[in-house]
Amino acid sequence: MSTPGKLKRKAKGERPYFFDDPNIDRVVSMVMGLAGEVAVLHDRLDTLERLVAQHGGPARAALDTYRPDATVAASRAAWRESFLGEVLRIVEIEVEAMSSGDTQPYEQAIAAVENNGRARRQKK
Amino acid sequence: MNMPTENQAQAEHRALPPTTHDEYARQEFVRSFKEHLVKHVHGGNRAVYEAKVKPAFQQQHQRAPQTRFEVRDAMVREPHYQMFSTLLRTSQEMMWSSCQIPVQRNLTALNQAIAKRPKKARGSLTLDAALETPKYHTAVDIHCQPGGYHTEFVAEDASAGMVYDRAVYLYAMGQMGPYNNDIGASIVSWLQQQHPTFKPRRILDLGCSVGHSTVPYAQAFPKAEIHAIDVAAPMLRYAHARAEDLGVRVHYSQQNAERTNFADGSFDLVVSHILLHETSQTALQNIVQECHRLLGAGGLMVHAETPPYKGMDPFDAFLLDWDTRNNNEPFWARSHEVDLRALSRQAGFDPDLKFEELIPSAFQIAKAQRSNKFQGGDFGGGGLWFIYGNRK
């Protein structure tokens with residue numbers, strides 16, 4: 001049952017987990033939660049810097065009522081885009097490797113430098 | 001008020017809950033997160049499928065996968081798909097959370113502001129506390145909005161509507177325009193082009209939620225009497241306030257589209273916007289039957305949805321189906337496989353007057369920037385809407 005006046009935080013329905021170990025899904029969720037809060041801080045600092053430049057020292061109220069204009073909003077969106085690219089780099093890396101034909105097993109690279117491309121004899 | 005440019009900020013109106021600096025930044029992050037998934041992560045599923053999953057399946061079965069189920073069985077083991085899915089699910093949860101925070105912070109005052117309407121309202125609001133919320137709304141919270149459309153967390157609550165209006169904008173990543181009205185606006189321009197002499201006098205919008213798709217009809221047909229219904233009181237309270245703020249005349253009432261209290265033949269145009277997939281097999285039949293009852297001779301029924309799976313590549317169907325299992329849209333898949341001709345016939349319509357087509361999005365300017373794909377997590381990205389309907 002819900003507490004009066006408190007919005008429910010979890011949607012009714014079993015939450016799907018996608019990895020064999022659901023803790024991986026949970027860590028992803030935490031990382032993205034953290035990324036979101038970092039982005040919030042980034043915007044806040046960005047606002048502060050712009051207000052300092054404008055007024056030479058902003059009041060807290062000025063910060064809270066600041067709304068980015070279209071140019072500032074676009075530059076922030078671009079920042080977030082590159083920020084997300086960094087945080088989620090690991091997701092894109094395998095796909096990039098595949099499309100560029102970078103699919104050689106690492107063992108082959110060792111073999112190439114160690115004994116001219118011949119695979120090392122497997123130890124029992 | 002500055003008018004935002006297309007695909008940028010959501011238009012502010014008095015019903016939309018105000019946000020602090022950080023609340024707004026948190027919501028903007030979710031929009032960027034979703035855009036990033038669409039632009040840079042989603043496509044990797046197809047790449048993995050073509051490079052690995054399909055060849056492996058072909059080797060094992062001497063043929064390519066033929067159904068979305070075969071694709072799914074093979075894809076769910078793929079790390080990229082697993083990561084994409086967990087990110088998309090997380091983005092959905094963060095979206096609702098980021099929209100709830102400013103509403104929770106100021107719930108009492110916001111509800112009071114919604115309840116306090118101008119004395120000379122253009123439209124009206126009629127609630128029915130005795131109306132039963134259908135099982136397809138209470139089984140799970142649809143598309144993961146905590147509490148769904150219907151839950152009232154305090155008396156006279158409109159919070160679900162406040163949360164939803166902002167979340168729709170973030171979910172569509174602005175691809176439905178600053179007023180989230182693209183689906184309604186697209187049907188309006190389709191009507192104006194395909195049926196230029198059609199001047200509906202009475203229009204009904206079924207399952208209207210916050211009325212974001214209803215408003216374009218009121219703007220395009222200012223002489224028409226516009227009614228809009230929903231089962232959820234919190235949505236309707238908000239919808240009424242929103243329509244009044246936007247200066248349009250809409251009569252909202254709390255009713256189930258399966259059986260309304262309007263008279264036989266009392267409408268020229270009955271519409272719905274992505275309603276059908278949030279009902280059930282039985283309800284769908286009932287709703288189309290009700291449309292038939294409500295329309296006068298020559299009247300039009302038009303339902304907008306994402307396109308049916310029929311003829312779709314099994315991989316595309318698999319990805320479009322993501323929401324069925326992973327975003328609390330249990331009827332999504334089945335509703336995309338319904339025999340629409342049979343549906344029309346069983347409801348009493350002449351199936352030869354049935355139509356289904358893809359219509360262009362009213363936001364043509366934004367179209368060039370879109371992914372031009374129908375894909376899970378990229379709502380509105382297709383640049384087209386699917387409509388199904390029937391003339392009576």
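In the predicted model, B:Glu28 and B:Arg31 form a salt bridge whose closest N and O atoms are 3.2 Å apart. The two residues are 3 positions apart in helix α1 of chain B, so about one helical turn separates them. B:Glu28 counts as buried, at 6% relative accessibility, and B:Arg31 is likewise buried, with a relative accessible area of 10%. Salt bridges with shared partners link both residues to B:Glu35, A:Asp43 and A:Arg80 in one network. A further salt bridge in chain B pairs B:Glu70 with B:Arg63, at 2.7 Å from N to O; B:Arg63 is partly exposed, with a relative accessible area of 28%. Over all chains, the whole structure holds 33 salt bridges.

Between chain B and chain A, 6 salt bridges are counted. In one of them, A:Glu37 meets B:Arg26, with the closest N and O atoms 2.9 Å apart. This pair joins two chains, because A:Glu37 lies in helix α1 (residues 22–55) of chain A and B:Arg26 in helix α1 of chain B. A:Glu37 counts as partly exposed at 36% relative accessibility, whereas B:Arg26, at 19%, counts as buried. B:Arg77 and A:Asp20 also form a salt bridge, with a closest N to O separation of 2.4 Å. Side chains of opposite charge can pair when their charged atoms come close.

The contact between the chains involves 57 residues from chain B and 48 residues from chain A. It buries about 4300 Å², 59% of it from carbon and sulfur atoms. On the side of chain B, the residues that lose the most area to chain A are B:His21, B:Phe29 and B:Phe153, which together account for 17% of what that side buries.

Polar contacts between chain B and chain A number 22 residue pairs, with both residues at pLDDT 80 or more. The elements of chain B that give two or more residues to the side touching chain A are α1 (21–61), α3 (79–105), α6 (159–171) and α12 (322–326). Of these, α1(B) gives the most, with 19 residues. By residue class, this side of chain B comprises 24 nonpolar, 22 polar and 11 charged residues.

B:His21 lies in helix α1 of chain B and counts as buried at 3% relative accessibility. The side chains of B:His21 and A:Thr47 are joined by a polar contact of 2.5 Å. Other residues touched by B:His21 include A:Asp43, A:Arg44, A:Leu63 and A:Tyr66.

Chain A is divided into domain 1 (24–87) and domain 2 (93–124). The centres of these two domains, taken over C-alpha atoms, are 42 Å apart.

Definitions and conventions:
Residues are numbered from 1 along each chain as its sequence is written. Chains are lettered from A and ligands numbered from 1 in the order in which they are written. This is a predicted model: local features need pLDDT of at least 70, side-chain atom pairs count only at pLDDT 80 or more; totals for chains, interfaces and linings use all residues. Side-chain values use heavy atoms; hydrogens and water are left out. Contact means heavy atoms within 4.5 Å. Buried area is the accessible area (1.4 Å probe) that two parts lose on being put together, summed over both. A salt bridge is a side-chain nitrogen of Lys or Arg within 4 Å of a carboxyl oxygen of Asp or Glu. A polar contact is a pair of N or O atoms within 3.5 Å; within protein, one must be able to donate a hydrogen and the other to accept it, and residues adjacent in sequence count only if both atoms are side-chain atoms. Helices (H or I, at least four residues) and strands (E, at least two) are DSSP runs, numbered from the N terminus. Ala, Val, Leu, Ile, Met, Phe, Trp, Tyr, Cys and Pro count as nonpolar, Asp, Glu, Lys and Arg as charged, and the others, Gly among them, as polar. Domain bounds come from an automatic or database domain assignment. Buried means under 20% relative accessible area, exposed over 50%, partly exposed in between (1.4 Å probe, protein chains only). Lists of a residue's contacts leave out its neighbours within four places in sequence.
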